[in-house]
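My entries follow in the order I made them.

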Amino acid sequence: MERLQHHACFDGWQDEYRHESTVLNCSMNFTVFLPKLSQERRLPVLYWLSGLTCNEQNFTTKAGAQRYAAEHGLILVVPDTSPRGENVADDPSYDLGKGAGFYVNATQEPWASHYHMYDYVVSELPALIEAELPASDGRSISGHSMGGHGALVAALSNPGRYRSVSAFSPIVAPTQVPWGEKAFSAYLGPDRSAWKKYDACELIATAKEKLPLLIEQGGSDEFLGQQLTPSSLQAICEKTGHPLALRIRSGFDHSYYFISTFIADHIAYHANALHR
């Protein structure tokens, strides 16, 4: 790990690191907020997954989460949203390629050489964090939009790995909406049955763990009906008895103004689970 940035922040440190990723076959950046309490003991970690076009800096600089992580004694870890580098496949559109990894393990070329964001987020990055930083094995996960999709899929696919999960404006049924259909066709190929393991609504039906879901959704989100479809998640949770708190916030859109307004609630929610 090479530390690129080191800033004092709420009596702790906001850092950025770079490392060589084996599963992504490239260099990757991520940010870490270490509260002051991490100087005394290992602390649990909240992983945040960002959305389309973002990198590790969007949440770090816009959400205002460090204040609340410091209060609750949580480490924040924010990875990039895709592999990066000159040799990494890309696409001119904003919703495919760099900045749009969709947190899947790609099986189709030219993507399969690098685009294994699922393995990176679930396995490689936490192993690195827990080996190199004062982090315990207590993990929770959250994210926004494409990252909300990634957080839900990671938690639902790995019973016992995360103590809590939440999402802001997540893509809950990517196999049924334009963003997901485009990305999954490219990364996973034409066999739609292979897509289901990356779809939260599909995973709920067979979930072996009833980990409660906390979903924050802006009522004036421009992507609400066509891309996000929270009603699909609500329907399958009601059918299967999976615990869901779906909070529709009137007037809020898809932006970081929305995230920064309610991030304190989510940090407190995860802290309660992680320190229980």
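**Entry 1: helix α9**

I began with helix α9 (residues 256-274), which has a kink of about 50 degrees centred on Phe262. I keep in mind that this is a predicted model. I then listed the buried residues of α9: Tyr256, Phe258, Ile259, Phe262, Ile263, His266, Ile267, His270, Ala271, Ala273 and Leu274. The spacing made me recall a general point: an α-helix has 3.6 residues a turn, so residues three or four places apart point the same way. At the N-terminal end of α9 I found a cap, Ser255. A side-chain oxygen of Ser255 lies 3.2 Å from the backbone nitrogen of Tyr257.

**Entry 2: helix α3**

I turned to helix α3 (residues 117-132) and found a kink of about 30 degrees at Glu124. The kink lies shortly before the proline Pro126. Both Glu124 and Pro126 are on the list of buried residues in α3, which also includes Met117, Tyr118, Tyr120, Val121 and Val122. Leu125, Leu128, Ile129 and Glu130 are on that list too. What do the buried residues of α3 pack against? I noted strands β2 (12-21), β3 (26-34), β4 (43-49), β5 (75-79) and β6 (135-143), together with helix α4 (146-157).

**Entry 3: salt bridges**

I searched the whole structure and got 7 salt bridges. I wrote up three of them.

Asp80 and Arg84 meet through their side chains, N to O, at 2.8 Å. Asp80 is buried at 4% relative accessible area, while Arg84 is partly exposed at 28%.

Arg192 bridges to Glu181, with the closest N and O atoms 3.2 Å apart. Arg192 sits in the loop between α5 (178-188) and α6 (200-204) and Glu181 in helix α5, so the pair ties together parts 11 residues apart in sequence. Both partners are partly exposed: Arg192 has 39% relative accessibility, and Glu181 has 29%.

Glu216 bridges to Arg249, and here the closest N and O atoms are 2.5 Å apart. Glu216 is in strand β8 (residues 213-218) and Arg249 in strand β9 (residues 244-249), so this pair ties together parts 33 residues apart in sequence. Is Glu216 buried or exposed? Glu216 is buried, at 0% relative accessible area. Arg249 counts as partly exposed, at 23%. I also traced a salt-bridge network that links Glu216, Arg247, Arg249 and Asp265.

**Entry 4: aromatic pairs**

My search of the whole structure for aromatic pairs gave 15. The rings of Trp111 and Tyr187 have centres 5.3 Å apart and planes at 85 degrees, so I logged the pair as edge-to-face. Trp111 lies in the loop between β5 and α3 and Tyr187 in helix α5, so the pair ties together parts 76 residues apart in sequence. Trp111 counts as buried at 6% relative accessibility, and Tyr187 is buried at 0%.

I next checked Phe252 and Phe262, which also form an edge-to-face pair, 5.1 Å centre to centre with 65 degrees between the planes. Phe252 is in the loop between β9 and α9 and Phe262 in helix α9, so the pair ties together parts 10 residues apart in sequence. Phe252 is partly exposed, with a relative accessible area of 25%. Phe262 is buried, at 10%.

Which residues do ring pairs link into a cluster? I noted Trp48, Phe59, Phe168, Phe252, Phe258 and Phe262. That brought me back to Phe262, on which the kink in α9 is centred.

Terms used:
Residues numbered from 1 in each chain as written. Predicted model: local features only at pLDDT ≥ 70, side-chain atom pairs only at ≥ 80, totals over all residues. Heavy atoms only, no water. Salt bridge = Lys/Arg side-chain N within 4 Å of Asp/Glu carboxyl O. Buried < 20%, exposed > 50% of the residue type's maximum accessible area, 1.4 Å probe, protein only. Helix = DSSP H or I, 4+ residues; strand = E, 2+ residues; numbered from the N terminus. Bend = angle between axes of the 7 residues up to and from the residue. Polar contact = N/O pair within 3.5 Å; in protein donor to acceptor, adjacent residues only side chain to side chain. Contact = heavy atoms within 4.5 Å. Phe/Tyr/Trp six-rings, centres within 6.5 Å; stacked < 30°, edge-to-face > 60°.
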